[in-house]
Every structure is written in structure tokens, then in C-alpha cells.
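Me: I've got a model open and want to know what the labels on it rest on. Can you take me through them?

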Amino acid sequence: MLIKNGSIVDPKSGTITKGTLRIEDNLIKNIYPEAGDISLPEEEVIDATGKYIMPGFIDLHVHLRDPGLTYKEDIATGTAAAAKGGVTTICAMPNTRPVVDTVETLNYVHDKAAKEAKVRVKQLSAFTMNMEGKELVDMEAMNDAGAVAFSEDGKSVMDINLYREALKKVAAMDALVMAHCEDKDLVGKGVLNEGVASEKYGVPGIPNSVEDVITARDMFLAGELGARLHICHCSTKGTVELMRMGKRMGFRVTAEVCPHHFTLTDADITEADSNYKMNPPLRTEEDVKALIEGLVDGTMDCISTDHAPHGKEEKEKFFTEAPFGITGLETSAALTYTALVDTGLMDIVEMARKMSYNPAKVLDIDDSFGHISEGAVADIAIFDPEAEWEVKEEEFASKASNTPYIGKVLKGRVTHTIVDGKLVYEL
């Protein structure tokens with residue numbers, strides 16, 4: 001395959017260069033300066049004139065709903081949605097039915113992904129059996145079987161002694177924790193951010209402290225034990241400040257922010273639409289400003305989606321009855337470009353760093369991922385920065401369309417996605 005005449009974005013070197021890529025087998029074989037017709041017989045050619053050639057995006061936080069909840073999403077449709085969004089590797093959360101708490105269930109996902117997935121699927125393990133917070137899974141066996149990280153996503157392990165024991169095991173294996181930070185007792189029956197939204201609709205609120213106190217707990221425990229900790233879907237100003245402190249103290253801590261948390265606030269919920277209900281909830285303008293500042297100055301390492309598909313009838317219920325969650329795989333790159341790059345807050349290299357290079361570092365995967373250079377794995381997203389498009393429900397590759405961005409016009413769009421040297425999506 002030849003991808004010609006595009007602007008090659010390499011977050012590892014921090015450069016943008018005009019050029020052409022040759023892919024041979026599954027690797028980037030050559031990078032040429034601007035070149036004429038150098039195609040070989042029977043070589044597939046993609047013209048990337050006017051577009052960015054970017055490393056495929058790595059999404060650290062995706063719910064595939066498989067096994068057990070496949071009416072919402074499955075491995076085939078979830079990875080098709082990823083491919084449409086330029087995402088070439090996804091990390092699947094373990095809160096399925098059954099929970100991914102045994103090697104058998106872990107192998108089910110790996111085997112099904114090998115047959116049906118359009119992109120790379122890395123499966124996480126739960127911390128506790130059935131995510132009940134009482135008994136640890138066989139962490140060594142799950143790690144040996146290929147679990148990419150441990151998470152109780154959707155909740156926190158509230159038994160602090162059990163959690164500390166788990167973090168000791170994580171540190172001993174040099175494994176990774178992906179933490180959903182939420183104080184179960186403090187959140188109560190909260191459904192929207194405590195403030196303008198919860199008051200307007202007369203529903204229980206979720207204060208920032210729900211996230212902040214568990215973020216602090218997890219960070220200090222992991223720091224004390226030397227465990228690698230990644231904080232998921234950060235939403236508060238307090239979490240940004242905690243990340244700054246943790247990094248100053250030398251803790252092995254990283255953090256992600258989702259596009260909905262840096263593009264929307266609770267004040268944007270102008271109608272009783274449960275597509276605005278997600279966990280953590282949409283926060284205030286002050287929180288959004290802090291999250292963006294954290295992304296820009298490097299405090300917050302990654303942009304992930306927390307892609308959480310649900311059935312349409314579920315999200316048509318009122319806030320108190322509808323499930324938490326928003327889809328994101330197909331809109332994340334365009335939302336990031338529209339909100340951060342097109343506005344001048346971040347350049348395209350930094351976008352690639354937050355969506356490709358840094359996530360690869362968090363996962364500690366092979367150094368040939370997350371950047372574009374000769375010898376790197378050919379996982380590539382071709383991105384048209386001038387494309388303007390409307391988010392339409394009927395165009396989703398996902399089974400679900402629970403997002404408040406329906407009808408919104410975004411700038412920037414993925415036109416091609418290549419995984420392991422093979423074209424898996426073309427606009």
C-alpha cells in the first residue's frame with residue numbers, strides 16, 4: 001500500500017512533514033519526501049493530499065458489551081465504530097455479563113475478537129469476582145492470560161484494605177490499574193452534576209467530591225506501593241490538581257479526559273434528554289476550563305471516549321431511570337479537532353500525542369505503536385481537517401446512538417483507517 005502526498009503527523013518526533021508512506025506487510029516500510037508517481041504494480045494507492053496521516057488512535061476506555069449485553073453493542077459493531085473513528089486499538093472494560101473475572105471469559109473475548117474485530121482489542125480484567133468488591137480475581141492468572149489492565153470500571157473497590165492488597169499484586173506484576181474513581185456512599189442516587197442541572201430537573205446531584213476523594217485515595221495508595229495507576233474519565237478541577245501533585249511527587253500516575261467532558265457543561269442540558277446523562281456527569285465551565293488547561297499543559301495525558309452504548313428505549317427514559325453512558329468512538333477525533341485544534345488551543349501533533357502516542361505509553365506496549373516512522377506498525381488514521389459534517393443517527397456503525405451530539409456540525413473527519421497494514425475503513 002502507498003499513502004501519498006499527505007502531511008505526516010508524528011507525535012514521537014513532534015513533527016509534521018509532507019510525504020508518502022509505503023506499507024509492506026504490516027509495517028511502515030519507507031517514508032519518502034513529497035514524491036511523484038512511485039507506485040508499484042498491484043500496489044494499493046491512497047491519495048492523502050490535503051489530509052493528515054496520523055498514527056491510529058488508541059482508545060483506553062471502551063465498553064463493547066460483549067459478552068452478555070450484545071443488544072447494546074458487540075465486538076463486530078464496536079470495532080466497526082472504532083474503525084470509522086480512526087481508532088485502531090481499543091481497551092475493553094470488564095463490566096460485561098458475565099464479568100471478565102476468569103481466564104475463560106477473557107479468552108472468549110480474545111477468541112471472538114480474533115474472528116470478528118476490525119481493530120485491535122485489548123481486554124481488561126475486573127479486580128473482584130463479579131465486581132462485587134469482596135473477593136479478588138486470580139490476578140496473576142488474568143495477567144498471564146493477557147489482560148491488559150485491571151479495573152472495576154463503573155465503580156470503585158470500596159474496601160480499602162482489599163484494594164490495597166490488589167495494588168500490591170499489581171505492583172509486583174508491574175501491571176496497570178485503570179481506576180473509575182467514585183465514592184459509592186457519597187454518590188448515593190445522584191444522576192446529574194450537583195448544581196444547575198440537578199436543581200433544574202429536581203434530581204439527586206453528584207458533587208465533585210465523589211470523584212476527588214477516591215482519586216486522592218487511589219493515587220496515594222498506588223504511589224506508596226509503586227503501582228502504575230491510570231485515572232479514567234476525569235471530570236473535575238480537583239482531579240486535575242491532584243494529577244499535578246501526583247506527578248510532582250513522582251507517582252506512576254496518568255489520566256484521561258473524554259471529549260464530552262471538555263466540550264459540554266451541565267448548563268448545556270437544556271432539555272430532559274438522558275443522552276446527557278453519563279458518569280462522571282457533565283460538570284461546570286470552571287471544570288471544563290481546568291480539564292482543557294490540563295490537556296494543554298500535559299498534566300492530563302490522554303483523550304479517551306468511555307464509549308458506553310445503550311439501547312434507544314433505555315435512554316428515552318427520564319434521568320432517574322435511564323442508564324449512564326454516551327457513545328464516542330465515531331465522534332472523538334472530530335470533537336477533539338473542533339474544540340481544541342481548530343480553536344488554536346492545541347496543535348495537531350499534540351492531538352496525536354494525546355490520542356495515540358501517550359495511550360501507547362500508558363499501556364506500555366511495543367514501541368512500534370503510537371507514532372509514524374519507518375519500522376513502526378502500520379496502524380494509521382487519515383484525517384481531513386477541512387471536512388465539515390453533521391452527526392447523524394442513521395450513519396452510526398455502532399448499534400447505539402446515545403449521544404447529545406446528534407445534529408451537531410463538526411470539523412475534521414477520518415477518511416481512512418488502516419490496521420496492521422490493511423484498510424479497514426474508507427469514507
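Reply: Phe127 is buried, and so is Tyr163; buried means under 20% relative accessible area, exposed over 50%, partly exposed in between (1.4 Å probe, protein chains only). Keep in mind that this is a predicted model, where local features need pLDDT of at least 70, side-chain atom pairs count only at pLDDT 80 or more, and totals for chains, interfaces and linings use all residues. Residues are numbered from 1 along each chain as its sequence is written, and side-chain values use heavy atoms, leaving out hydrogens and water.

Me: What makes Phe127 and Tyr163 a pair, and why is the pair called edge-to-face?

Reply: Rings of Phe, Tyr and Trp (its six-membered ring) pair if their centres lie within 6.5 Å; planes under 30 degrees apart are stacked, over 60 edge-to-face, the rest tilted. Here the centres are 5.6 Å apart and the planes at 80°, so edge-to-face it is. Phe127 and Tyr163 also form one aromatic cluster with Phe150.

Me: What makes Lys277 lie over the face of Phe324?

Reply: A charge sits over a ring if NZ of Lys or CZ of Arg is within 6 Å of the ring centre and within 35 degrees of the ring normal. Lys277 is at 4.5 Å from the ring centre of Phe324.
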